[in-house]
Amino acid sequence: MGNRTIIPFGPQHPVLPEPIHLDLVLDDETVVEAIPSIGYIHRGLEKLVEKKDYLQYTYVAERICGICSFMHGMGYCMSVESIMGVEIPERAAFLRTMWAELSRLQSHFLWMGLLADAFGFESLFMHAWRVRERILDIFEQTTGGRVIFSVCDIGGVRKDANAQALDKILSVMDTLEAETKELTQVFLNDSSVKHRTCGLGMLSGQDAIALGAVGPMARASGVDLDMRKLGYAAYGKLSFEPVVETAGDCYARTAVRIREIFQSIDLIRQCVRLMPEGDVIVKVKGNPDGEYFTRLEQPRGEVIYYSKANGTKFLDRVRVRTPTFANIPALLETLKGCTLADVPVLILTIDPCISCTER
Amino acid sequence: MNFIKKSPWILHYDGSSCNGCDIEVLACLTPLYDVERFGVINTGNPKHADILLITGSVNEQNIPVVKQLYEQMAEPRVVVAVGICAATGGIFSECYNVVGGADKVLPVDVYVPGCAARPEAVIDGVMRALAILEEKQKTARCKKGTQEGAGV
C-alpha cells in the first residue's frame with residue numbers, strides 16, 4: 001500500500017456551481033474511497049408545508065430546484081390533484097407535457113455544457129449554452145420566466161400558449177435540431193472527448209439496480225426505466241420509447257442524454273400537433289384529504305412526490321425523493337478506482353443537482 | 001457601453017439557493033450576454049477575485065464557508081447578493097435551517113432583486129459593484145497616503 005492521502009473536494013469548487021463536499025481517499029493518484037458530506041444547502045422545505053397552505057406550496061415546490069423547477073411544481077400538483085380527485089383539462093395536460101419536455105431539453109443542454117467545462121473544452125461549453133438560450137426564449141415567450149415560471153397550479157396551468165406561440169415553437173425546434181446535430185457530433189465522435197468518457201466509470205446493469213440508480217444513469221447501463229411510460233399528463237397519448245444504452249460508462253450516459261434531446265424535440269412536436277382546444281385550468285374547491293404517491297421522470301431520473309393531507313388547508317407531510325439522491329450511491333461506486341483528474345467528469349456524469357437533494 | 005476601466009474577477013458561491021440564480025449567473029458568461037468580452041472572469045480561487053457573488057440564503061453549515069471565502073479575498077473587495085434569497089431569505093425565510101440573507105454574515109454592497117434574478121440584473125449589479133470597488137480603492141489609497149505622511 002502506498003501513501004494514503006485525503007483530498008477534500010468542495011464545497012466551493014470551480015467545476016460545480018453548487019456546494020457538495022467529498023473527502024477523496026487517494027492511494028497515490030487512484031481514488032480508493034469517496035465520502036460525501038452534504039447539508040450546505042439544506043433549507044427544510046418539506047417542513048415549510050406546515051406554514052404555507054397547499055395552494056401556496058406549489059410555488060415552494062417549484063423552488064426546490066431551479067433547473068427542473070417546472071417538473072417539481074408539476075409533481076406536487078399531480079399528487080394533490082390525485083388526492084382531491086381533480087381531473088385537469090386535456091389542454092393543460094398537453095401544455096404541462098410540452099413545458100416538461102422543454103425543461104428536459106434545457107437541462108440536458110446545461111449538463112452538456114458543464115460536462116464540456118469539466119473536461120476542459122471551454123468553447124464546447126459556450127456552444128451548448130448558446131443553443132440552450134433558444135429554449136429559454138420559448139419559456140420567456142410562453143410563461144414569462146426564464147428559469148422559474150410559476151405556471152403550474154393545482155387544477156391545470158395558469159397560462160395558455162396561443163397558436164402563434166406554438167408555431168414559433170415548431171420553427172425553433174427545427175433550428176434546434178440542426179444545431180444539436182452539429183453540437184453533439186463533437187461529444188460522440190471527437191477523439192479527445194471520447195478519450196475522457198469512454199470506459200470511464202463503469203456501472204453494470206446489476207449494480208445499477210442494486211444501488212437504486214435512476215434516470216439516464218440506469219438507462220445507460222441497460223436498465224429500461226422511464227417513468228414517462230406510466231402515461232401521466234399527456235405522455236400516454238404520445239409515442240416514444242425509452243432511450244437505453246448498454247455500455248454503462250460515461251460515454252453511454254452522454255449518448256443516452258443526447259438521444260433524449262432528439263426524443264424530447266420529437267415529443268414537443270407531437271404535443272404541439274395534438275394540442276386540443278379548451279380551458280387550461282379548473283377551479284378547485286375544498287381541502288384535500290388523503291395521501292398519494294406520484295412518480296414522474298425528471299431530466300435526472302425518477303422523482304417521487306408523497307403528499308399526506310388531513311382535510312385542512314395545511315398538508316401533514318410532503319416528501320420528495322429526488323433523482324440525484326438516488327444516484328449518489330452509484331456515483332460513489334463509480335468513483336472507486338478512478339484517477340483524481342477524472343473525478344470532476346465522473347461527478348458530472350450523474351448530472352448532480354444538490355439543491356434538489358438537500359432541499 | 002464600449003469598455004470598462006477594470007476587468008473584475010468574480011467568485012461565485014451558492015449559499016442555499018435553488019440553482020435558479022446560479023444558472024443565471026453562469027448564463028451571464030455564455031454567448032448571449034458574454035461578460036467575458038469585458039474581461040470579467042468567473043474564477044474558482046478566492047484570492048484572485050474582486051467581487052463575491054453570493055446566491056441564496058445562509059445557514060449554520062455554510063456560514064463558516066462564506067466567511068472563509070470572504071476573508072481570503074484580497075482588499076478591496078465587494079459583495080453582491082444575487083436574488084431575493086440572498087437579500088432576505090425570500091420564500092425560504094420561514095424555513096428552520098435558513099438564518100437569513102447574506103448580510104447576516106457579510107457586509108453586502110449591492111443587492112440584486114429577482115426570483116430568479118435575470119442575467120441583465122446580475123450584470124447591472126456587477127457594474128454597480130465595480131463603481132463601489134473603485135471608490136474603495138480610492139479611499140484605501142488616501143488612507144495609506146495619510147498614514148505614510150504621518151510616519152514622516
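**Figure 1. Helix H4 of chain A meets helix H1 of chain B.** In this predicted model, the axes of helix H4 (residues 122–143) of chain A and helix H1 (residues 20–29) of chain B come within 10 Å, and they cross at roughly 110 degrees. Angles of 65 to 115 degrees count as roughly perpendicular, so H4(A) is roughly perpendicular to H1(B). The crossing in which H4(A) passes H1(B) is left-handed. H4(A) contributes Met126(A), Trp129(A), Arg132(A) and Glu133(A) to the contact, while H1(B) contributes Ile23(B), Leu26(B), Ala27(B) and Leu29(B). Sorted by class, the residues of this contact comprise 6 nonpolar and 2 charged residues, with no polar ones.

**Figure 2. Chain B and chain A share an interface.** Chain B places 38 residues in the contact, and chain A places 39 residues there. About 3,300 Å² of area is buried between the two chains, and carbon and sulfur atoms give 63% of this area. Which three residues supply more than any others of the area that chain B buries against chain A? They are Ile23(B), Ile91(B) and Glu94(B), which supply 17% of that area. Ile23(B) also belongs to the contact of H1(B) with H4(A).

**Figure 3. A salt bridge joins Arg146(A) and Glu24(B).** Side chains of opposite charge can pair when their charged atoms come close. In the pair formed by Arg146(A) and Glu24(B), the closest N and O atoms are 2.8 Å apart. Across the interface of chain B and chain A, 3 salt bridges are found.

**Figure 4. A salt bridge links Arg317(A) and Glu46(A).** The search of the whole structure finds 33 salt bridges over all chains. In one formed by the side chains of Arg317(A) and Glu46(A), the distance from N to O is 3.1 Å. Arg317(A) lies in strand E8 (residues 317–321) of chain A, whereas Glu46(A) lies in the loop between strand E3 (30–37) and helix H1 (57–62) of chain A, so the pair ties together parts that are 271 residues apart in sequence.

**Figure 5. Helices H4 and H5 of chain A pack against each other.** The axes of H4(A) and helix H5 (residues 163–189) of chain A come within 11 Å and cross at roughly 170 degrees. The two helices are therefore roughly antiparallel to each other. H4(A) passes H5(A) in a left-handed crossing. Among the contacting residues of H4(A) are Leu124(A), Val131(A), Ile135(A) and Ile138(A), and those of H5(A) include Ile169(A), Val172(A), Leu176(A) and Phe187(A). The contact has 13 nonpolar, 3 polar and 4 charged residues.

Technical notes: Residues are numbered from 1 along each chain as its sequence is written. Chains are lettered from A and ligands numbered from 1 in the order in which they are written. This is a predicted model: local features need pLDDT of at least 70, side-chain atom pairs count only at pLDDT 80 or more; totals for chains, interfaces and linings use all residues. Side-chain values use heavy atoms; hydrogens and water are left out. Axes are lines fitted to C-alpha atoms, for helices over the stretch in contact, and angles run from 0 to 180 degrees between N-to-C directions. Helices (H or I, at least four residues) and strands (E, at least two) are DSSP runs, numbered from the N terminus. Angles under 35 degrees count as roughly parallel, over 145 as roughly antiparallel, 65 to 115 as roughly perpendicular and the rest as oblique. A crossing is left-handed if the near helix is turned anticlockwise from the far one by less than a right angle, and right-handed if clockwise. Contact means heavy atoms within 4.5 Å. Ala, Val, Leu, Ile, Met, Phe, Trp, Tyr, Cys and Pro count as nonpolar, Asp, Glu, Lys and Arg as charged, and the others, Gly among them, as polar. Buried area is the accessible area (1.4 Å probe) that two parts lose on being put together, summed over both. A salt bridge is a side-chain nitrogen of Lys or Arg within 4 Å of a carboxyl oxygen of Asp or Glu.
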